[in-house]
Amino acid sequence: RRGVLSRRPSGSVRAEERGVAREGRRMGSRARPLGPLERPISQYQLGWYRQKMESVREWLSKVSPFLMPVQGTPLGAHATVDDWLSSCAGRVELAQELLLGRDAPAETRGQLYKIPAAVFVDFTPGGGLCVVLQVLLQYREKSQVPFNDVESAMLPVGGPGDRAMQRSAVSGMLPFLRTVSGLLLDKKILHRNAVFLSPRLPGEEAVRLSGAVVRHGGMIVQSEGAASVVVVP
């Protein structure tokens, strides 16, 4: 069965991903961190990623200037705002992997779908990464967490350690991820699929799938012709 949300990025995002992958291979590193949380080098630590973050920072500074750190603001171990934003983006993806990934417990994994990897390499002004970091800045402002404490207070996922403890530490990020996902759908960066459930499906299975579709942001349609996804036994 196909997924209930279309995770296929736009042409510009796909092109950006291909460029990112090529650059990652050229530098002898994988394009994104798919392995353990303690992997020593992720794309978010590499120079090309931080360089591309400049366009995201410029958009955030223009659209949400009062949410951004001003010159001289302590940013922990990061020398520049671009470095800090890059690290925050990486931690958001790792936090969602803990809460929604393949090895996450059913009680959290079933609440929401993962933000696609393409979003984290969408450096387009106003695009996927801009939305993720703008919402993070809004949450930081609301909670009044100092900029240099955002990673340790809001996204404490770095380094080796017990997965259950790390998952517990970032459990408060589910509302954040839900907000980001909703905005990505509203801005049509992600697309809401129309799902048709075959009448040949057993009743209990149809009810279960219907709930999963709605929970993951899709909608149930009554005709196969109106569907972008068809579920059959």
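How exposed is Glu141, in terms of relative accessible area? Glu141 is partly exposed, with a relative accessible area of 32%, where buried means under 20%, exposed over 50% and partly exposed in between, using a 1.4 Å probe and protein chains only.

## Basis of the model

This is a predicted model, in which local features need pLDDT of at least 70 and side-chain atom pairs count only at pLDDT 80 or more, while totals for chains, interfaces and linings use all residues. Residues are numbered from 1 along each chain as its sequence is written, and side-chain values use heavy atoms, with hydrogens and water left out.

## Overall architecture

The protein chain contains nine helices and five strands. These elements are DSSP runs numbered from the N terminus, with helices being H or I of at least four residues and strands E of at least two. Along the sequence they follow the order β-α-α-α-α-α-α-α-α-β-β-α-β-β.

Of the 233 residues in the protein chain, 44% count as buried. The chain exposes about 12,000 Å², of which carbon and sulfur atoms supply 53%; accessible areas come from the Shrake-Rupley method with a 1.4 Å probe, and for residues only the protein chains shown count as cover. A contact means heavy atoms within 4.5 Å. Among contacts between residues at least 6 apart in sequence, 73% join residues at least 24 apart.

Helix α2 covers residues 47-63, 17 residues in total, and reaches 25 Å from its first C-alpha to its last, close to the 24 Å expected at 1.5 Å a residue. The expected span is 1.5 Å times one less than the number of residues in the helix. At Glu54, α2 bends by about 30 degrees, the bend being the angle between axes fitted to the seven residues ending at a residue and the seven starting there. The residues of α2 that are buried include Trp48, Tyr49, Met53, Val56, Trp59 and Leu60.

For α8, the end C-alpha atoms are 18 Å apart, which agrees with the 18 Å that its 13 residues should span at 1.5 Å a residue. Its buried residues are Leu174, Phe176, Leu177, Val180, Ser181, Leu184 and Leu185. An α-helix has 3.6 residues a turn, so residues three or four places apart point the same way.

## Aromatic pairs

Rings of Phe, Tyr and Trp (its six-membered ring) pair if their centres lie within 6.5 Å; planes under 30 degrees apart count as stacked, over 60 as edge-to-face and the rest as tilted. By this rule the count comes to five aromatic pairs. Trp84 and Phe147 form an edge-to-face pair, 5.5 Å centre to centre and with 70 degrees between the planes. This pair links distant parts of the chain, 63 residues apart: Trp84 belongs to helix α3 (residues 81-100), and Phe147 to the loop between α5 (128-143) and α6 (150-154). Trp84 counts as buried at 2% relative accessibility, and Phe147 is buried with a relative accessible area of 12%. The pair of Tyr139 and Phe176 is also edge-to-face, because its ring centres are 5.5 Å apart and its planes lie at 85 degrees. Since Tyr139 lies in helix α5 and Phe176 in helix α8 (residues 174-186), this pair ties together parts that are 37 residues apart in sequence. Tyr139 is partly exposed at 28%, whereas Phe176 is buried at 0% relative accessibility.

Ring pairs also link Tyr44, Trp48, Tyr49 and Phe123 into a cluster.

## Surroundings of Glu141

Glu141 is placed in helix α5. Not counting residues up to four places away in sequence, Glu141 touches Phe66 and Leu67. Glu141 and Met68 are 73 residues apart in sequence, yet 9.5 Å apart in space from C-alpha to C-alpha.

## Positive phi values

Gln144 has a phi near 60 degrees, a positive value in a residue other than glycine. Gln144 lies in the loop between α5 and α6 and counts as exposed at 56% relative accessibility.

Lys188 has a positive phi of about 60 degrees although it is not a glycine.
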